[in-house]
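Subject: Structure handover

Hello,

Please find the structure below. My notes on it follow.

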Amino acid sequence: MTDTEIPVGDRIAVGLAALGRPAYINLGRAEALPPGREVEAMRAATYDVLDDAYGAGVRWIDVARSYGSSEEFLAGWLADRGHADVTVSSKWGYRYVGEWKLDAPVHEVKEHTAARFAEQWAETVGLLGKTVSLYQVHSLTVDSPLFTDDRLIGALAELAAGGVPVGFSTSGPAQADAVRRAFELEVDGTPVFSAVQSTWNLLEPSVGPALAEAHAAGKRVLVKETVANGRLVVEPPSPLARIAREHGAGPDAVAIAAVLAQDWRPVAVIGPSSTGQLRENLVATKANLTADEFSELATLAEEPSAYWRHRSCLGWQ
């Protein structure tokens, strides 16, 4: 690490996917959470992470309707702390159905319809009000019914025209196709979407060219799953582990630094499960990786379909 530092407030967002519900697919999460994971314990853990993140300069928080009680936790924290300078983004399209059970047979259900959008936007506004700065379609794929649903597209365009920027997140091996197709959607000559949040990490960088195009077109670009749902931390490939040791950092910091170093200047959405993980993640803003290190890290990329097959096998825990 060097004295070169990326401003945290400009390039880091904290996501609450791992804190807003008792079960999630992130590796290395279980030991960082409160024993039992009762609602109030998870609320307290969320407040601790948000307090430390705010103190470190983070000013962007990312939540979703399907992240359990994440919107409720965030709304309570904002009300308690009185912070008025926080960017809030949320997502609709999945509904949390896990009933706060670790062993729930199903944790979330996806539905991209105009009815679901209207229902979930009302729920989000009921909790977060006018603090929402970006509302995103959750996990848009090329086969989503959204692309042929004029009523839904019109509703999203109406929200954007009313002053709430509208974006989408992506998942799956065809992320790049989804990104390009989504940004082509227009209503009366005006683009529907102004932001994208995609999975990009050292194991799955295939969406990079599409995100570069989006950035060049003036779209806001966010990157999620920066440490591959914990895979890059719990079982780091040997080149990543060695480079991290040489920098006196953890593999998470190096993996996130690789995101921040992209020319298309993404906001990196990190998902710490504790204040300790947050501190380790934020070391990324002080990283100064060399060209040779980037070249070596680039060899870690997996074939996209293989990466997503592996991700689909990660159990909720």
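Among contacts in the protein chain between residues at least 6 apart in sequence, what percentage join residues at least 24 apart? The figure is 78%, where a contact means heavy atoms within 4.5 Å.

Some background before the rest. This is a predicted model, in which local features need pLDDT of at least 70 and side-chain atom pairs count only at pLDDT 80 or more, while totals for chains, interfaces and linings use all residues. Residues are numbered from 1 along each chain as its sequence is written, and side-chain values use heavy atoms, with hydrogens and water left out.

Overall form

The protein chain has 13 helices and 12 strands; these are DSSP runs numbered from the N terminus, with helices (H or I) of at least four residues and strands (E) of at least two. Its radius of gyration is 19 Å, close to the 20 Å given by the globule rule for 317 residues, so the chain is as compact as a globular protein of that length. That radius is taken over C-alpha atoms, and the rule is 2.2 Å times the number of residues to the power 0.38. Along the principal axes, the C-alpha atoms fill a box of roughly 55 × 40 × 40 Å.

Of the 317 residues, 54% are buried (under 20% relative accessible area; exposed is over 50%, partly exposed in between, with a 1.4 Å probe and protein chains only).

Salt bridges

A search of the whole structure finds 17 salt bridges, each a side-chain nitrogen of Lys or Arg within 4 Å of a carboxyl oxygen of Asp or Glu.

- Asp62 and Lys91 form one of them, at 2.4 Å from N to O. Asp62 is in strand E2 (residues 60-62) and Lys91 in strand E3 (residues 87-92), so the pair ties together parts 29 residues apart in sequence. Asp62 is buried, at 1% relative accessible area, and Lys91 is buried, also at 1%.
- Lys101 and Glu99 form another, at 3.5 Å from N to O. Here Lys101 is partly exposed at 42%, and Glu99 is exposed at 59%.
- Glu302 and Arg231 meet at 2.8 Å from N to O. Glu302 sits in the loop between helix H12 (291-298) and helix H13 (304-312), and Arg231 in helix H8 (residues 231-234), 71 residues apart. Glu302 is partly exposed at 27%, whereas Arg231 is buried at 10%.

Salt bridges with shared partners also join Glu40, Arg43 and Glu72 into one network.

Regards
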